[in-house]
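Hi there,

Here is the structure I promised to send over. Have a look at it first, and then read on for what turned up.

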Amino acid sequence: MTTSIGIDIGGTKVSGGVLDAEGRILVRTRCDTPDRSSAPRVVEDTIVEVIEELLVLAEEAGAERPSTVGVGAAGFVAADRSTVVFAPHLSWRNEPLRAALSQRVDLPISIDNDANAALWAEHRFGAARGATHAVMITLGTGIGGAIIVG
């Protein structure tokens, strides 16, 4: 059974889980998001720590080693899904997040806006499954949204 790691970078916490192909969360963990004034490397360290902890937890749970990592980041993510152009609650400005994480984690990494990632998850596994059109509003430290049309 194929598994993946999902990471959500929020204003107060970095949370993550290992999911199976059906969208079931097998293990999860979280830690506090570094202070807004922290250097990008400090936030990257936190993300890598969460990923490494999830790999250990997955192994301890007898789950297959995850084959990919998806990261949802609050803020503007470039169309190529590799750079966080602006994150309102972090010091990220044109931060090449995928490249930075790829140097430290030996798994393929995808980056997207957190609301986009949440809506894609709902479209694949949840309330928007099978829908042609869907809208999601996310409420947390900030407000975000995503739309699927067609």
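Buried residues make up 38% of the 150 residues in the chain, where buried means under 20% relative accessible area, exposed means over 50%, and partly exposed lies in between (1.4 Å probe, protein chains only). Please keep in mind that this is a predicted model, in which local features need pLDDT of at least 70 and side-chain atom pairs count only at pLDDT 80 or more, while totals for chains, interfaces and linings use all residues. Residues are numbered from 1 along each chain as its sequence is written, and side-chain values use heavy atoms, with hydrogens and water left out.

First, the overall fold. The chain has 3 helices and 10 strands, these being DSSP runs numbered from the N terminus (helices are H or I, at least four residues; strands are E, at least two). Along the sequence they follow the pattern β-β-β-α-β-β-β-β-α-β-α-β-β. The radius of gyration is 15 Å, close to the 15 Å that the globule rule gives for 150 residues, so the chain is as compact as a globular protein of that length. That radius is taken over C-alpha atoms, and the rule is 2.2 Å times the number of residues to the power 0.38. Of the contacts with a separation of 6 or more, 49% are between residues 24 or more positions apart; contact here means heavy atoms within 4.5 Å.

The largest nonpolar core has 28 residues, and Ile7, Ile9, Ile47, Val71, Trp92 and Leu97 touch the most other members. Such a core is a set of buried Ala, Val, Leu, Ile, Met, Phe, Trp, Tyr and Cys residues joined through side-chain atoms within 4.5 Å. Two or more residues each come from β1 (3–9), β2 (13–20), α1, β4 (69–73), α2 and β8, and the largest share, 8 residues, comes from α1. Leaving aside neighbours within four places in sequence, the contacts of isoleucine 7 include Val14, Ile47, Leu54 and Val71. Apart from this core lies another, of 7 residues, among them Leu119, Ala134, Ala146 and Ile148.

The whole structure holds 4 of them, counted when a side-chain nitrogen of Lys or Arg is within 4 Å of a carboxyl oxygen of Asp or Glu. Arg41, Asp45 and Arg104 are linked in a network. Within it, arginine 41 meets aspartate 45 at 3.2 Å, N to O; both lie in helix α1 (residues 40–60), 4 residues apart, about one turn of the helix. Aspartate 45 also bridges to arginine 104, with the closest N and O atoms 2.8 Å apart. That pair links distant parts of the chain, since arginine 104 is in the loop between α2 (97–102) and β8 (109–113), 59 residues from aspartate 45. Aspartate 45 is partly exposed at 25%, and arginine 104 is partly exposed at 29%.

Another bridge joins aspartate 112 to arginine 81, the closest N and O atoms being 3.5 Å apart. Aspartate 112 counts as buried at 13% relative accessibility, whereas arginine 81, at 42%, is partly exposed.

Finally, 3 strands form an open antiparallel sheet in the order β5-β6-β7, where two strands pair if DSSP finds at least two bridges between them. β5 and β7 (93–95) stand at the edges, each with a single partner strand, so one side of each is left without a neighbour in the sheet.

Best wishes
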